[in-house]
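Dear colleague,

Please find below the structure that I am handing over to you. My notes on its contents follow directly after it.

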Amino acid sequence: EGNINLYITSSLPKENGDFTSYGLLISPTVGLCQIRAIGKNIDTDSYGLKLQSTFDDLKKSLDSLYGNGEETDILLSGSIWKNPNDWMMGLIKQERFLSAKWSSDHDYMKKNSLSTIWLEARAQTESSGYILLQYVFNNDKTCQSEIDGERKNSL
């Protein structure tokens, strides 16, 4: 709701059992611009071990297709959630980030008209989280311009 041209579905022609729903950003003029895959709920501990393991497995699969993604695993300076058993709370408070990014340098990305792929671990509670995977296509800038134009027209 409130997102222009974003459609939610629970299935795609090529499904992956790790994901439960998908957001499709579709422009009326340039077509599909983004695919956002929302992962299954992952029950874990306060250390986030199962969430981190799922992230690592998906990253390895994506690395094998698109080359080595640039991984970011950081805790912001000054965060009180610095102990290993605070890992999930750090994610909840958005003071810890675990993500990976692939850019369009790889041939397989070029072949599929992809500009960027994002993989991110997210927490819902101290004991559960999910993975977000986002594919951004080369036409996304045009798509975003159309969305901005539609928002302005509604004012």
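At 27% relative accessibility, E120 counts as partly exposed, where buried means under 20% relative accessible area, exposed over 50%, and partly exposed in between (1.4 Å probe, protein chains only). Its partner in a salt bridge is R122, with the closest N and O atoms 3.2 Å apart; the term denotes a side-chain nitrogen of Lys or Arg within 4 Å of a carboxyl oxygen of Asp or Glu. R122 is likewise classed as partly exposed, at 31% relative accessibility.

Please note that this is a predicted model, in which local features need pLDDT of at least 70 and side-chain atom pairs count only at pLDDT 80 or more, while totals for chains, interfaces and linings use all residues. Residues are numbered from 1 along each chain as its sequence is written, and side-chain values use heavy atoms, with hydrogens and water left out.

Salt bridges

A search of the whole structure finds three salt bridges. Besides E120 with R122, there is a contact between the side chains of K59 and D63 (2.7 Å, N to O).

The remaining pair is R96 and D73, whose closest N and O atoms lie 3.9 Å apart. Because R96 belongs to strand β6 (residues 96-103) and D73 to strand β5, this pair ties together parts that are 23 residues apart in sequence. R96 is buried, with a relative accessible area of 11%, whereas D73 is partly exposed at 42%.

Strand pairing

Strands β6 and β7 (residues 114-125) run antiparallel and are joined by five bridges; two strands pair if DSSP finds at least two bridges between them. S103 stands opposite T116 in β7. Strand β7 also runs antiparallel to β8 (residues 128-137), with 10 bridges between them, and A123 has G129 in β8 as its bridge partner. A hairpin of two residues links β7 to β8.

Nonpolar surface

I74, L76 and F97 make a nonpolar surface patch of about 230 Å². Of these residues, L76 lies in the loop between β5 (70-75) and α2 (87-92) and is partly exposed, at 37% relative accessibility. Patches are made of residues with over 30% relative accessible area and no salt bridge, like charges being joined within 9 Å and nonpolar side chains (Val, Leu, Ile, Met, Phe, Trp, Tyr) within 5 Å. Accessible areas come from the Shrake-Rupley method with a 1.4 Å probe, and for residues only the protein chains shown count as cover.

Yours sincerely

Definitions and conventions:
Helix = DSSP H or I, 4+ residues; strand = E, 2+ residues; numbered from the N terminus.
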